[in-house]
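Here's a quick briefing on a protein model, written for someone just starting out.

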Amino acid sequence: MTLRTAAPEDAALLAAIHASAFPAHEAWDAKTMATLLGMPGALALVAGGDGMILLRRAADEGEVLTFAVRPEARRAGLGRALLETGMMLLAAQGATALLLEVAEENAAALALYAACGFTRAATRRDYYGAGRHALLLRVDLGA
């Protein structure tokens, strides 16, 4: 498994991976990915055509903007590799914490995040629509 930093020209690839992992109405298109990749502090990693993570750093804090692994590539450690590499790169840039939102019913993602040291910081009610709450998770990166 080879991870590499994604560039704006990878926006269509990131969008394709994202679309494979999210319902159509939640998938981000290439234009959105390109816009996010161009933001100050943005960092994206891609693993072939199977997985991606898009993060952003602002001052000493990082945020996972989105994270996706194609369903057929799951359960092989790819998600963990993307997340841990992103955490390491953000820490090297001076981030001391990383935050993310995850649907409270997403048991597989919650297990991965717990294994990587994330803890619950808050609940965002109706974040994904009526009755679909998000958990705000946080991990210290130890600058």
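**Salt bridges, cores and overall build**

Let's start with charges: the structure holds seven salt bridges. A salt bridge here is a side-chain nitrogen of Lys or Arg within 4 Å of a carboxyl oxygen of Asp or Glu. Keep in mind that this is a predicted model, where local features need pLDDT of at least 70 and side-chain atom pairs count only at pLDDT 80 or more, while totals for chains, interfaces and linings use all residues. Residues are numbered from 1 along each chain as its sequence is written, and side-chain values use heavy atoms, leaving out hydrogens and water.

**Charged pairs**

- Side chains of opposite charge can pair when their charged atoms come close.
- Arg56 pairs up with Glu63 in a salt bridge, with 2.6 Å between the closest N and O atoms.
- Arg56 is partly exposed at 28% relative accessible area, and Glu63 is partly exposed too, at 23%. (Buried means under 20% relative accessible area, exposed means over 50%, and partly exposed is in between, using a 1.4 Å probe and protein chains only.)
- Glu84 and Arg80 make another salt bridge, 2.8 Å from N to O.
- Both Glu84 and Arg80 sit in helix 3 (residues 78–92), four residues apart, or about one turn of the helix. (Helices, H or I with at least four residues, and strands, E with at least two, are DSSP runs numbered from the N terminus.)
- Glu84 is partly exposed at 37%, and Arg80 is partly exposed at 34%.
- Asp140 and Arg138 also form a salt bridge, and their closest N and O atoms are 2.3 Å apart.
- Asp140 counts as exposed, with 55% relative accessible area, whereas Arg138 is partly exposed at 32%.
- Glu26, Glu105 and Arg132 are tied together in a network of salt bridges.

**Nonpolar cores**

- In soluble globular proteins, nonpolar side chains tend to be buried together.
- The largest nonpolar core has 27 residues, and Leu83, Leu98, Tyr113 and Phe118 have the most contacts inside it. (A nonpolar core is a set of buried Ala, Val, Leu, Ile, Met, Phe, Trp, Tyr and Cys residues joined through side-chain atoms within 4.5 Å.)
- Among the elements that each supply at least two residues of this core are strand 3 (51–58), strand 5 (97–103), helix 4 (107–115) and strand 7 (134–140).
- Helix 3 gives the most to this core, with five residues.
- Apart from this core lies another one of 14 residues, including Leu14, Ala15, Val46 and Met52.
- Not counting residues up to four places away in sequence, Phe118 touches several residues, including Leu83, Met87, Leu100 and Val139. (Contact means heavy atoms within 4.5 Å.)

**The whole chain**

- The protein chain has four helices and seven strands.
- Starting at the N terminus, the elements run β-α-α-β-β-β-α-β-α-β-β.
- Of the 143 residues in the protein chain, 40% count as buried.
- Looking at contacts with a separation of 6 or more, 58% come from residues 24 or more positions apart.
- Along its principal axes, the C-alpha trace of the protein chain spans about 35 × 35 × 30 Å.
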